[in-house]
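This briefing is meant to be read beside the sequence and the model. It takes up backbone geometry, domains, the ligand shell and helix packing in turn.

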Amino acid sequence: SIPENQREAWKKYQTKGFSTKEEFEKGVVRHVETTLARSMFNCDETAAYAAASLAFRDRLIIEWNRTQQRQTFADSKRVYYLSLEFLMGRALDNAMLNVGLKNVAKEGMSELGFRIEDIIEQEHDAALGNGGLGRLAACFLDSMASLNYPAWGYGLRYRYGIFKQEIVDGYQVEVPDYWLDFNPWEFPRHDITVDIQFYGNVRKYQDDKGVQTAVWEGGEIVKATAFDVPIPGYSTPTTNNLRLWSSKAASGEFDFQKFNSGDYESSVADQQRAETISAVLYPNDNLDRGKELRLKQQYFWVAASLYDIVRRFKKSKRAWREFPDQVAIQLNDTHPTLAIVELQRILIDLEGLEWDEAWSIVSQTFGYTNHTVLPEALEKWSVPLFQNLLPRHLQIIYEINLFFLQSVERKFPKERDLLARVSIIEESQPKMVRMAYLAIVGSHKVNGVAELHSDLIKTTIFKDFVRIFGPDKFTNVTNGITPRRWLHQANPRLSELIASKTGGYGFLKDLTMLNKLEQFADDKEFKKEWQEIKYANKVRLAKHIKATTGVTVNPSALFDIQVKRIHEYKRQQMNIFGVIHRYLTIKAMSPEERKKLAPRVSIFGGKAAPGYWMAKTIIHLVNSVGAVVNKDTDVGDLLKVIFLEDYNVSKAETIIPASDISEHISTAGTEASGTSNMKFVLNGGLIIGTCDGANIEITREVGENNIFLFGNLSEDVDELRHAHTYGRHELDPSLAKVFDSIKSGTFGDVNSFSALVGAIEDHGDYYLVSDDFLSYIQTQDLVDQAYKNQDEWISKCIISVARMGFFSSDRCINEYAESIWNIEPLTPEDGNTSGLGK
Ligand code: BZD
């Protein structure tokens, strides 16, 4: 750092960042003219977006630097959130709102000739995630900064995020998402690099004292470079850091020797192979495919992150046993489980600690969050693959397993089967490493993401571990969402209305303050404003639908929305079968009867994993039904079926505020939590759902009268499935009629959908679509009835919003901080916690 004597000059010229409209405009013009080398004669919206972002970035950097200095100086415990996915969405709008300068920017941009809405629309989503798990990580970052926790995120800087979805002739087509052309929100740290080793072999030798040491030698080296993204808290002095790693060949260049000797191809091959590691996000959610490149990604990211964390700890010159007092690491699912092994390796192989001392440090440091009970999503890696890629880590895993099984044996000496059941190594052909078991054994806390889910993991997949470690190791932290993005940013008018009745925007920091709204549930004037806002949001979505699909929808119709990844367990197929049922019912009605119906728009959106053929078939069916229904003049406005292309975070911000009813209809016991259910209710939409995941806790909070629940319960699922296989399985009669119409070719080529129908008719109906169908369509009828009474409907919506305080990710992060991480917030010593600067 700079010597004392010269620091005066630094202090004198320190940047302050703008806080007025004039300073903001000055910043924008300067960036247009110097950073972008443009002028007022060729500044289009893209350039204006770039300059506005750079102006905000300048401001964020100052708070960011201060936060990092403060955290370093305080030397208090930090939490590191390791996630292979961060589904951030857009940053500009969020930054403007979090630092409280959106109005300044709006007026400033207007004086420079631009509408702020158009500028915001220029930004490419940061889409480094698949769905709920990745978006949860993004909400957590917002909450950790907004609550002033010293926290870093660690992830991978994929060159390609989740693919862009196009719908061509009713089918999904995947297009690469190259998003890094211009990204003002990241800072390359070319000075922060880590060499990461793969392959090679392990040599063991004894020193003169007889101590065994293992040396991992040979193989190949890939370089990790850090890219930092500032994470501003909402109205706080804290701007935390998200560090993403990018891969490069260790030499940084291609091999000139090979190049000069004419071996052009292999001269670039090494370089390309290294860069492939951080090239692309795997597009599967809730499915484990066991590909080597994926394991490489995991180790690359985990090893770089741990190197960084350990380096930071070592600067403090503390004793190793203090590591867990300084560092908490949260594993977002099993994807970063190798971190447990890597830390143990660092401590015993590189730092020379004894196994037991090292293991005690390791297991006090980690916490593991489980996000699924679906068997196909539980990560397993083949032992031969491991042996080849990470030979030393495999040895350490075997040791961990040995000591673990010995302790189990001591505790339950007579239970032979138990050892095989809980072994980290599955004795299959080939043998497999069970990552969830490794994560449990190496962590001090394991949590599920909603009450039902946390109970399920304790009684099913991790039952044996509850006996072994005792129930206290297992806990629940029900998921939450950030009200900043999902209310204030997505629905500014509703946020403003709420602020006008609850005494300002305090509810954005303490969401339980929403309960003040309940007294207005019957207030005529308030309800009118509420309804107007919902209508305006629906008009906005209707415009988007028109622009992207060409279909005109009536904003007064009931908007029924299901947007999420397409998956059989989420049961979009049940939704579209319900839509067909509705269509057939309308067709069979007299014109008089039709007049009594509530018009409905059924809206679907979501991506199917490229290799998930059944999910793609569901998308095709939705589009095929839409093509028939939307042009049927018997039906007119009574029913429209829409598939919205390329559902992502920024589209969610438009779609969610426009919902009347949204669907969260997974087979009971399969959706760990769900988080869009929370977003929809927070935006004044009701939900229809099964007794699954967080739906149950939403019901507890908003009351049974304000939610439409249906279907079988999770405790009945096993028996129903058993009956499908061994007993008689009679198809629900209404569903049978739906299938008849599909089979008669009403929606195009019969063969296209035979697998979808067959899964239910002939292959055991694993997801219980037929079992739940009657209850589903009956409940949809109740929705129709309820919607006709607009006055009551609006009251239900207001009461529900008033009771949603529990679902803030702030509550959730405080629970993690207290019960898992044991960390405290850190604010400047002057007591300024407002983020308004000094
Ligand atoms: O995590 C989701 C669950 O399905 C939701 O119920 C839950 O609300 C959220 C947040 O806890 N899980 C995922 O999104 N999982 C994945 O995306 C994923 C990705 C890669 C590999 C395995 C799972």
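In which loop is Pro-430 found? Pro-430 is located in the loop that runs between strand S15 (425-426) and strand S16 (432-434). The model is a predicted one.

**Backbone geometry**

- Most residues other than glycine have a negative phi, and most peptide bonds are trans.
- The peptide bond that leads from Gln-429 to Pro-430 is cis, and its omega is near 0 degrees.
- Asn-148, although not a glycine, has a positive phi of about 65 degrees.
- Asn-148 belongs to the loop between helix H7 (132-146) and strand S4 (151-156).

**Domains**

- The protein chain is assigned domain 1 (1-74 + 93-124), domain 2 (75-90 + 125-476) and domain 3 (553-790).
- The centres of domain 1 and domain 3, taken over C-alpha atoms, are 45 Å apart.

**Ligand shell**

- The ligand is surrounded by 19 residues, and the closest are Gly-132, Leu-133, Asp-285, Ala-672 and Ser-673.
- Sorted by class, the shell around the ligand comprises 12 polar, 5 nonpolar and 2 charged residues.
- Domain 2 (75-90 + 125-476) and domain 3 (553-790) each supply at least three residues to the shell around the ligand.

**Helix packing: H2 with H3**

- Two packed helices are described by the angle between their axes and the distance between the axes.
- Helix H2 (residues 21-35) and helix H3 (residues 45-74) have axes that come within 8 Å and cross at roughly 120 degrees.
- H2 and H3 make a right-handed crossing.
- On the H2 side, the residues in contact are Phe-24, Gly-27, Val-28, His-31, Val-32 and Thr-35, and they meet Ala-47, Ala-51, Ala-52, Leu-54, Ala-55 and Asp-58 in H3.
- The contact of H2 with H3 consists of 8 nonpolar, 3 polar and 1 charged residues.

**Helix packing: H10 with H12**

- Helix H10 (residues 292-315) packs with helix H12 (residues 338-350) at an angle of about 50 degrees, and their axes are 9 Å apart.
- H10 and H12 are therefore oblique to each other, and their crossing is right-handed.
- H10 contributes Gln-298, Tyr-299, Val-302, Ala-303, Leu-306 and Val-310 to the contact, while H12 contributes Leu-338, Ala-339, Glu-342, Leu-343 and Ile-346.
- By class, 9 nonpolar, 1 polar and 1 charged residues form the contact of H10 with H12.

**Helix packing: H23 with H32**

- The axes of helix H23 (residues 572-587) and helix H32 (residues 769-788) cross at roughly 55 degrees and come within 10 Å.
- H23 and H32 are therefore oblique to each other, and H23 passes H32 in a right-handed crossing.
- The contact involves Gln-573, Met-574, Phe-577, Gly-578 and His-581 of H23, together with Val-769, Asp-772, Phe-773, Tyr-776, Ile-777 and Gln-780 of H32.
- The contact of H23 with H32 has 6 nonpolar, 4 polar and 1 charged residues.

Methods:
Residues numbered from 1 in each chain as written. Predicted model: local features only at pLDDT ≥ 70, side-chain atom pairs only at ≥ 80, totals over all residues. Domains from an automatic or database assignment. Axes fitted to C-alpha atoms, helices over the stretch in contact; angles between N-to-C directions. Helix = DSSP H or I, 4+ residues; strand = E, 2+ residues; numbered from the N terminus. Left-handed = near helix turned anticlockwise from the far one by under 90°. Contact = placed C-beta atoms within 7 Å. Nonpolar A, V, L, I, M, F, W, Y, C, P; charged D, E, K, R; others polar. Near = placed C-beta within 6 Å. Parallel < 35°, antiparallel > 145°, perpendicular 65-115°, else oblique.
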